[in-house]
Amino acid sequence: ATGISATTTILNETFDSGTWPSAWTRTNNGSNSPGDFRTSLEFGSIGNTWSGTGYTAHCSYFYTYLTSIGVSGDMITPSMDLSAQTSASLTFWIYNSDGTDILKVYANNAGGSFSQIGATSYAVYTSWTQITIDLSAYLGSGFNDVKIKFTGTSDYGNSNIGIDDVEVVGTANLPASYSWSPAAGLSSTTIANPVATPASPTTYVMTATANGCSVKDSVDIIV
């Protein structure tokens with residue numbers, strides 16, 4: 001059997017419920033309960049300068065408005081297994097209408113040190129903007145405990161940094177089995193690309209099965 005490339009959503013956090021996602025962790029370095037990051041339902045702020053409560057429904061945000069200048073705080077995703085992925089990317093939406101506060105993004109594996117990923121920093125965005133970061137450095141064997149850390153640094157008294165719709169999507173090569181019919185004229189009925197030498201025009205049907213799901217396709221051979 002060979003493999004079939006399949007796209008999988010590994011992490012999808014919209015914050016739309018308005019409650020803090022239980023599998024995420026956050027710091028409280030700014031001594032502002034419930035934390036340096038909070039949802040727009042947990043705690044309202046005049047520093048939330050975007051329209052509504054988020055990009056979609058509610059969002060998370062770094063509370064820079066009443067956090068002392070220079071203080072940084074984190075929110076960290078749950079652990080993700082990227083060991084079977086051949087490619088993966090992180091996307092999220094950001095809003096930060098003004099000021100000098102910034103957001104940085106980091107990743108680690110198996111409890112190791114966090115390393116910065118993406119741009120040097122993310123600063124002013126006067127409309128909700130989607131950011132995409134490649135995670136190719138965290139794929140393959142051994143990368144089964146990957147976490148993403150969002151770190152905000154405050155400028156005090158300016159707009160908060162909104163973060164919404166955080167998603168990690170990967171592509172994996174899933175083991176697959178193949179079945180061809182009819183068998184006449186085929187070099188094999190159980191491989192992806194058999195050689196076909198039928199004696200007369202024939203329509204061959206291929207069924208591919210991976211991860212419990214099957215798809216069919218056909219090819220016409222004219223002789």
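**A strand and its neighbours**

Modeller: Strands here are DSSP runs (E, at least two residues), numbered from the N terminus. This is a predicted model, where local features need pLDDT of at least 70 and side-chain atom pairs count only at pLDDT 80 or more, while totals for chains, interfaces and linings use all residues. Residues are numbered from 1 along each chain as its sequence is written, and side-chain values use heavy atoms, with hydrogens and water left out.

Strand 12 covers residues 202–210. On one side, strand 12 runs antiparallel to strand 13 (residues 213–221), joined by nine bridges; strands count as paired if DSSP finds at least two bridges between them. Within this pairing, Tyr-204 stands opposite Val-219 in strand 13. Strand 12 also pairs with strand 11 (residues 161–181), again antiparallel, through six bridges. Here Ala-176 faces Ala-210 of strand 12.

Now for the two faces. In a regular strand the side chains alternate between the two faces of the sheet. For strand 12, the covered face holds Thr-202, Tyr-204, Met-206, Ala-208 and Ala-210, whereas Thr-203, Val-205, Thr-207 and Thr-209 make up the uncovered one.

Conventions: Buried means under 20% relative accessible area, exposed over 50%, partly exposed in between (1.4 Å probe, protein chains only). Helices (H or I, at least four residues) and strands (E, at least two) are DSSP runs, numbered from the N terminus.
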